[in-house]
Each structure stands twice: as C-alpha cells, then as structure tokens.
2 protein chains.
Amino acid sequence: MQASKLMTLFEDQLKDILWAEKELIKSIPKMISLASSVELIEALTTTLEQTKEQISRLAQVFRTIETKPSTVKCDAMAGLIAEATEMLEDCEKGPLCDASIISAAQKIEHYEIATYGTLRELAETMELIDAAKLLEKSLKEEKSADKMLTGIAREFVNLDAASLKA
Amino acid sequence: MQASKLMTLFEDQLKDILWAEKELIKSIPKMISLASSVELIEALTTTLEQTKEQISRLAQVFRTIETKPSTVKCDAMAGLIAEATEMLEDCEKGPLCDASIISAAQKIEHYEIATYGTLRELAETMELIDAAKLLEKSLKEEKSADKMLTGIAREFVNLDAASLKA
C-alpha cells in the first residue's frame, strides 16, 4: 500500500462522493414523484438503482485501500441539491417541470462525472488496479445517464415545454 | 420571439451561469497564485481569459432575447467554490496542491458543461439560432478546458504528487 500524500486526496474525494451519493438516494425519489414523462421516470428510476450500486461499489473501493467507509459533507452537492429543490418547489407537473428536472439532474451527473474521473485518475496513478476498475464502472454509468437525459430532453420534453405559453 | 414557459427556464439558467462566471473571475486568480506547474498556471490563465469572454458572450445572448443581463445567486457554484476554498486553504505549494486545484477546477468546468449544454438545447428548441451558436462556443471551450486539465494531471502532476510521502 502506497502511503503517499496523494492517498489523502483520494480518500477525501471518496468521502465526498459517498456523502453525495447518499444524499441523492433521498433526492432522486422527489424528482421521480414530480416527473411526468414515462421515459424520464424510467431514466430516474434506473439512476436511483445505479446510485445504490455506486454506494456499494464505493464501499468496495474503501476496502481495497483497507479503510473503513466514511463520509464528509460535500458543499458542492449540497448546493446542487438546494438549487434543484428551489427550482422544483413550485413545479407544476408537465413538460416544463420535466425540463427543469433534467437540467438539475444533468448538473448532478456532471458533478459525479468530474469526481469519479478524478478518483479514477488518482487510482491509476497509485496503481490501485481494482479501485480504478470499480471507479471506471461508476464513471461510465454517469456518462451514459447524462447522455440519456439529453436524449429524453430532445425527443420527449423540450418541444412540448416550448409550446406552453407563459 | 416565442414567449413560452421554456423561455423562463432559459432566462433563469442564463442568470445562474452569469452569476457563476462572475464569481469565477474572483476565484481563478487564487487558484493561479497557488499553482506550481507551469502548464497548470498557463491553463488556468487561459481559463480566466475565456471566463471573461464567456461573460461578454452571455451579455450577447441576453441581447438576442431582448433582455437586460442580470444574475441570480447560483447555490451550486457557491458550494463548488466553498469546497475549493476549503480544499486549498492549507495547501502547500507543490504537486499535491496542483492535483487538488485540478480536481476542484474540473468540478467547476463540469458544472459549466452541464449548464451550457442545457442552455444550448433550450436555445435550439426555441429556434434561437444566434443564442445557440454563442452557447455552443462556450460549451466547447469548457469541454476543451476539462480535457486539458486531465492531460496536465496525467503528464505533469499526479505522478509527482504520488511520490510525496504522507
């Protein structure tokens, strides 16, 4: 096991994303309950399942570095969730609300893409092969989820939302 | 001009990212002052210049919808900057600090990628051709900046940071 200073950064980022994923377990169901598009509900339901898997994957990553999983509050994710909550507060179910949900969800996905991307790079640098593979898997899931949401916005949501008069 | 409800979402997102970009004008110089790698300093200096251009591009986008530029506090960016500030607080100049700067900067880039991506999609849906082009330009810059930071981490920073003993 390499006891380098980079390991400290790696651990800090792991604690940060574990906190974030656990918060999302609480937030995604709220988004699902506000969504109307069947495609969006399906995508968010898949995201919720993947979030649970990503949490157990993070526990495995902690094991590869012989460290007990723990969390640290992630100010960025707290801000992202606060922004999403505010945006969806007065949301009337329908395509505009769906467009807002997609916008909020994609910001969240991108936070995760950035963090899993950094974590995978750090794991590769430290030659933590198993950890790098696990993190790569979560990174790929996040990237696919983001692309799927763009597709849903284009195909099923934005045009309908544009036709709603202000 | 389409006065749709989607326009409200578009305007809200424009105000959000304008606030975020203006905050970054204050935060990036702090990152530059803590960086050691010449490549990282160059990349962040370019990012600072691009941020200024993106702000004037946002003013142009506001003009295309005949609306005066204004801002709304962006909780997510406030959280991202708070997280970066905390992370870099006790940063000792060197490769580990550079790795931390890159991690924080990439999270910020990804927030912008998500937001400019949403804005471009909304502009295209509403057939705001000029706005869509301007937003696409900023989106491309953000994606390139993100890739450049990954390259710098791989080539110049992470291996050096890994060799520092804890």
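Is Glu141(A) buried or exposed, and what is its relative accessible area?

Reply: Glu141(A) is buried, at a relative accessible area of 13% (buried is under 20%, exposed over 50%, partly exposed in between, with a 1.4 Å probe and protein chains only). Bear in mind that this is a predicted model, where local features need pLDDT of at least 70, side-chain atom pairs count only at pLDDT 80 or more, and totals for chains, interfaces and linings use all residues, while side-chain values use heavy atoms, without hydrogens or water. Residues are numbered from 1 along each chain as its sequence is written, with chains lettered from A and ligands numbered from 1 in the order in which they are written.

Glu141(A) has a salt-bridge partner in Arg57(A), 3.1 Å from N to O (the criterion is a side-chain nitrogen of Lys or Arg within 4 Å of a carboxyl oxygen of Asp or Glu). The two sit 84 residues apart, Glu141(A) in helix α5 (residues 129-162) of chain A and Arg57(A) in helix α2 (residues 38-64) of chain A; helices are DSSP runs of H or I with at least four residues, and strands are E runs of at least two, numbered from the N terminus. Arg57(A) counts as buried too, at 8% relative accessibility.

Now over to chain B: Glu141(B) lies in helix α5 (residues 129-162) of chain B and is buried, with a relative accessible area of 13%. Leaving out residues up to four places away in sequence, Glu141(B) touches Gln50(B), Glu53(B), Gln54(B) and Arg57(B), a contact being heavy atoms within 4.5 Å.
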